[in-house]
Amino acid sequence: RETGNIKIGVSTTLGKHFLVPRLKNFISLYPNIKIIIINKSAQETLKLIETNTIDIGIVSNLVSYENFNYKRLYEIHDIFVSGPEFSEYKNINAFNDLTKVSSLILLEKHNISRMYLDSFFKTNLLELNPTMEIDNMDLLIELTKLNLGISCTIEEFVSKEIKTGALLKIDSIPKLPKRHIIMISNKNFTLSLAAQSFWDYL
């Protein structure tokens, strides 16, 4: 059976919500493969792939795929949410309204999800001016649940909070274009048998 090591780069958010739930079955199928998780931001993961420091990266949409082999894994949807007691959510009926709220919580500018959001709003001749910028989506979600403002997150990662009412999905604005979680590797290097097993598994 396949043996060897796999180095996988992934952010905290994608690691928690996407990778970890899928690891248990892979480990049971390939018990002789050692998995090493490199917990980095998406931007840092891309650099590690480019230098062939890691075998595989798991990120969300890229601006360019030129230097990478890639495989789309999972469709995701960005949504705006608030806590149930942050009453300003009732005034959000268009994207322009998001530029007027008193408290907007977003990820930091270097985050790929934030870059995607900024690009979308720029295309629509709008600019978001957050009052808080967070480097971790899980913390962003917790602050939003405390009714501290409106934030943008990934619907598939907060389905439980929406179902229980801890978060309110703001449905009164148009949907943002869908994105994908993707798996990438360095185009100039062949994956090991162990890494190829993981690539094929996902």
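This note goes through the nonpolar cores and the salt bridges of a predicted model.

1. The largest nonpolar core of the model holds 33 residues, and those with the most contacts inside it are Ile-6, Ile-8, Leu-19, Ile-56, Ile-58, Ile-181 and Phe-198. Helix α1, which spans residues 12–29, supplies the largest share of this core, namely 5 residues. In soluble globular proteins, nonpolar side chains tend to be buried together.

2. Ile-181 is one of the residues with the most contacts inside that core, and its surroundings can be listed in detail. Once neighbours within four places in sequence are left aside, Ile-181 is in contact with Leu-14, Phe-18, Ile-58, Val-59, Ser-60, Lys-71, Arg-72, Leu-73, Tyr-74, Ile-76 and Phe-157.

3. Turning to charged pairs, the count of salt bridges comes to 9. One of them joins the side chains of Glu-75 and Lys-178, with an N to O distance of 3.2 Å. Because Glu-75 lies in strand β4 (residues 68–76) and Lys-178 in the loop between β9 (168–169) and β10 (179–186), this pair ties together parts of the chain that are 103 residues apart in sequence. Glu-75 is partly exposed, at 34% relative accessibility, and Lys-178 is also partly exposed, with a relative accessible area of 47%.

4. A salt bridge also links Arg-179 and Asp-78, whose closest N and O atoms are 2.7 Å apart. Arg-179 belongs to strand β10 and Asp-78 to strand β5 (residues 78–82), so the pair connects parts that are 101 residues apart in sequence. Are these two residues buried or exposed? Arg-179 has 0% relative accessibility and therefore counts as buried, while Asp-78, at 6%, counts as buried too, the cut-off for this term being under 20%.

5. Glu-155 and Lys-169 form a further salt bridge, in which the closest N and O atoms are 3.0 Å apart. Here Glu-155 sits in the loop between β8 (150–154) and α5 (159–164), whereas Lys-169 is in strand β9, and the two residues are 14 residues apart. Glu-155 counts as partly exposed at 24% relative accessibility, as does Lys-169 at 27%.

6. Finally, salt bridges can also join into a network, and in this model such a network links Lys-109, Arg-114, Asp-118 and Glu-133.

Technical notes:
Residues numbered from 1 in each chain as written. Predicted model: local features only at pLDDT ≥ 70, side-chain atom pairs only at ≥ 80, totals over all residues. Heavy atoms only, no water. Core = buried A, V, L, I, M, F, W, Y, C linked by side-chain atoms within 4.5 Å. Buried < 20%, exposed > 50% of the residue type's maximum accessible area, 1.4 Å probe, protein only. Helix = DSSP H or I, 4+ residues; strand = E, 2+ residues; numbered from the N terminus. Contact = heavy atoms within 4.5 Å. Salt bridge = Lys/Arg side-chain N within 4 Å of Asp/Glu carboxyl O.
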